Amino acid sequence: MSGTVQPAYRQGFPEIGAMIVDPRTGLLTQPWMQFFVALWNRTGGAAGGSIVDIEQAVAAIPGLAMDGPTDDALSPAGMSAASALAAMMFSETGGDAMQAGSDDACDTAVLKAIATAIEDGGGVGAGAGADTAGHPGYVPGRFYPVFDGNVSASGAVSAADTLYLYPFRIFRDVAMTAWFFRVVTAGSADSAGKFGIWRNDGGAPAGFPVAVDDAGVPTASTGVKNVAFPGLPLTLPKGWYWAGAKFTGATRPVCTNIPGNALLAASRIGGSSAGNAVLNGATNQMPGLSMAHAYALPMPDLTGAALGDVAIAAAGIPVMGFGVQ
């Protein structure tokens, strides 16, 4: 071969950005397959450190958790994907076989869960995954919308005293310095909006907002509106979140909003029925979820909230965004 070294092997193991699962075949890519085979072979070689020594050595790694008080296995539950993989490597290179049923085994299901979690940047259990190539990186001083589909400015927010929500993803830990939206057509003099960000739990918003403006932002004029979240800059760890807004006023504003022909939100949220997921062709898709909630009230705890599909051709749900420190 020439002197060229393939990027995936520069460090002797696949880089974090190297694709793990080939989307065309659903199988592990060659660099990662060779890496895992090497680990497998290692388990049949000379014994490494004892499992007790290994557990003590990695006990201080954030996110690691024991399966139980007497097990000698490191569990992927509650740890990051990277930590889970590290735990598997440590626990399985002590000369023990990779076989289901042993209390220190890393079987195929666990291995696949770890690989998938690293690939998509999500967590194993409650943890957050490793950085992936899903985003080029956030640049300090720039501003990013949290909806990445087509947008519109053809309809006003359809209902007052209604909390509208849609999910968005933070690809890498980021210091948020601003939260904003744009008013294209001003609402009435009494119009205003309140905003919040909720954490995601199993495909639904949960808990009280991690950032919230309960004072309200007037929307009786046009232009970009900054939301006064207390405590900015605020670090948002990578993961999925929910953006929410509710409005008041005799006439609500027309904002840059999620249009009636966007399936992106529905593909992430899922419809309560097949019909809702693909509503009515080009003009009447589902841009988010909603619940009745009086504007005067503080933003709520959404754990277990009864949220309904927004099935309106032009609900006027505003596209929100954040600035980066």
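Two residues are in contact here when they have heavy atoms within 4.5 Å of each other. By that rule F322, leaving out residues up to four places away in sequence, touches Y138, R142, F143, Y144, V146, I170, V174, M176, A178, W179 and F180. The model is a predicted one, in which local features need pLDDT of at least 70 and side-chain atom pairs count only at pLDDT 80 or more, while totals for chains, interfaces and linings use all residues. Residues are numbered from 1 along each chain as its sequence is written, and side-chain values use heavy atoms, with hydrogens and water left out.

**Overall make-up**

- The chain has 6 helices and 14 strands, where helices (H or I, at least four residues) and strands (E, at least two) are DSSP runs numbered from the N terminus.
- Of the 325 residues in the chain, 43% are buried; buried stands for under 20% relative accessible area, exposed for over 50%, and partly exposed for values in between, with a 1.4 Å probe and protein chains only.
- Among contacts in the chain between residues at least 6 apart in sequence, 73% join residues that are at least 24 apart.

**Nonpolar cores**

- A nonpolar core is a set of buried Ala, Val, Leu, Ile, Met, Phe, Trp, Tyr and Cys residues joined through side-chain atoms within 4.5 Å, and the largest one in this model has 47 residues, with Y166, W179, F195, M320 and F322 having the most contacts inside it.
- At least two residues of this core come from each of β4 (162–170), β5 (174–185), β6 (192–200), β7 (205–218), β10 (239–248), α5 (264–269), β12 (289–292) and β14 (321–324), and the largest share, 6 residues, is supplied by β4.
- A second, separate core of 6 residues includes A18, I20, W32 and L39.
- I20 is also among the contacts of T29, which, leaving aside neighbours within four places in sequence, is in contact with M19, I20, V21 and D22; T29 is placed in the segment before α1 (30–42) and is buried, with a relative accessible area of 15%.

**The sheet around β4**

- An open sheet is formed by 6 strands in the order β7-β6-β10-β4-β12-β13, with antiparallel pairing, two strands being paired if DSSP finds at least two bridges between them.
- At the edges stand β7 and β13 (308–309), each with a single partner strand, so one side of each is left without a neighbour in the sheet.
- Because 8 of the 9 residues of β4 are buried, this strand is largely enclosed by the rest of the structure.
- β4 runs antiparallel to β10, to which 7 bridges join it, and P167 has W242 in β10 as its bridge partner.
- β4 also runs antiparallel to β12, with 4 bridges between them, and here L165 has L289 as its bridge partner.
- L289 in turn stands opposite D309 in β13, and 2 bridges join the antiparallel strands β12 and β13.

**Aromatic rings**

- The structure holds 11 aromatic pairs, counted when rings of Phe, Tyr and Trp (its six-membered ring) have centres within 6.5 Å, with planes under 30 degrees apart called stacked, over 60 edge-to-face and the rest tilted.
- One of these pairs, W179 and F229, is tilted, at 5.8 Å centre to centre and 35 degrees between the planes.
- W179 lies in strand β5 and F229 in the loop between β8 (223–227) and β9 (234–236), so the pair ties together parts that are 50 residues apart in sequence.
- Both W179 and F229 are buried, and ring pairs link F168, W179, F229 and Y241 into a cluster.

**Charged side chains**

- By the rule that a side-chain nitrogen of Lys or Arg lies within 4 Å of a carboxyl oxygen of Asp or Glu, the count comes to 1 salt bridge.
- This salt bridge is between R268 and D148, whose closest N and O atoms are 3.4 Å apart, and the pair links distant parts of the chain, with R268 in helix α5 and D148 in the loop between β3 (143–145) and β4, 120 residues apart.
- R268 counts as partly exposed at 34% relative accessibility, whereas D148 counts as exposed at 57%.

**Backbone details**

- The peptide bond from L232 to P233 is cis, with omega near 0 degrees, and P233 is placed in the loop between β8 and β9.
- D161, in the loop between β3 and β4, has a phi near 55 degrees, a positive value in a residue other than glycine.
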